[in-house]
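Please look through the sequence and the structure shown here. The paragraphs that follow guide a new reader through selected local features.

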Amino acid sequence: MKTIFIGTRIEALEKLENLTVVSKIITTKNSYIDKKKNKKIIINKDNIQEINSLLVTSDVDLIFSSGYPFILSKEILRSNKVFINSHPSYLPDYKGRRSIKRAFDNNEEFYGCTLHYMNENVDSGEIIYQKKISLKNLTLSEIYEFIFSKLEVEVIETGLKKILNK
């Protein structure tokens with residue numbers, strides 16, 4: 001399957017590269033992906049329309065989002081592509097930005113990650129796969145590290161294999 005990765009989380013991109021053919025990488029300046037990958041497109045407020053056009057006209061099957069800082073319009077999401085997002089919470093809890101920090105501030109015991117189809121409402125699409133785990137006695141930085149380096153990678157692999165029938 002041919003894909004485009006949009007976002008900032010390097011571990012998610014690396015897992016996607018193991019499971020699909022990533023034809024384009026779209027990220028933000030100074031992200032881990034920007035620092036580690038040579039062939040990428042940097043998105044900013046000045047070129048967002050160009051990037052949106054690329055997403056719609058590209059010859060890929062799947063657009064995969066992990067840490068993408070912009071909301072895709074319903075017109076883009078209605079193009080003839082599959083849009084999937086990896087979100088660092090156990091949806092429907094903590095939709096949107098800073099989900100891990102908000103869960104931490106609320107003294108949550110369980111943290112999760114969800115792989116879901118994207119629709120016009122933020123973090124509201126049909127769930128492909130999700131998992132949660134107790135991280136009660138960890139610091140905030142340890143929680144971030146665990147979610148992005150282990151939990152999200154596992155959720156992406158399990159969820160993508162489920163829909164790719166691997």
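Arg98 is located in the loop between E5 and H5; helices (H or I, at least four residues) and strands (E, at least two) are DSSP runs, numbered from the N terminus. This is a predicted model, in which local features need pLDDT of at least 70 and side-chain atom pairs count only at pLDDT 80 or more, while totals for chains, interfaces and linings use all residues. Residues are numbered from 1 along each chain as its sequence is written, and side-chain values use heavy atoms, with hydrogens and water left out.

Most residues other than glycine have a negative phi, and most peptide bonds are trans. Arg98 has a positive phi, near 55°, and Tyr94, in the loop between E5 and H5, likewise has a phi near 55°. Arg98 is exposed, at 59% relative accessible area, whereas Tyr94 is buried at 17%. Here buried means under 20% relative accessible area, exposed over 50%, and partly exposed in between (1.4 Å probe, protein chains only).

The loop between strand E5 (82–87) and helix H5 (99–105) also holds Pro92. A cis peptide bond, with omega about 15°, links Leu91 to Pro92.

A further loop, between strand E1 (2–7) and helix H1 (10–19), contains Arg9. Arg9 is buried, with 12% relative accessibility. Beyond its neighbours within four places in sequence, Arg9 is in contact with residues including Ile33, Ser86, His87 and Phe148, where contact means heavy atoms within 4.5 Å.
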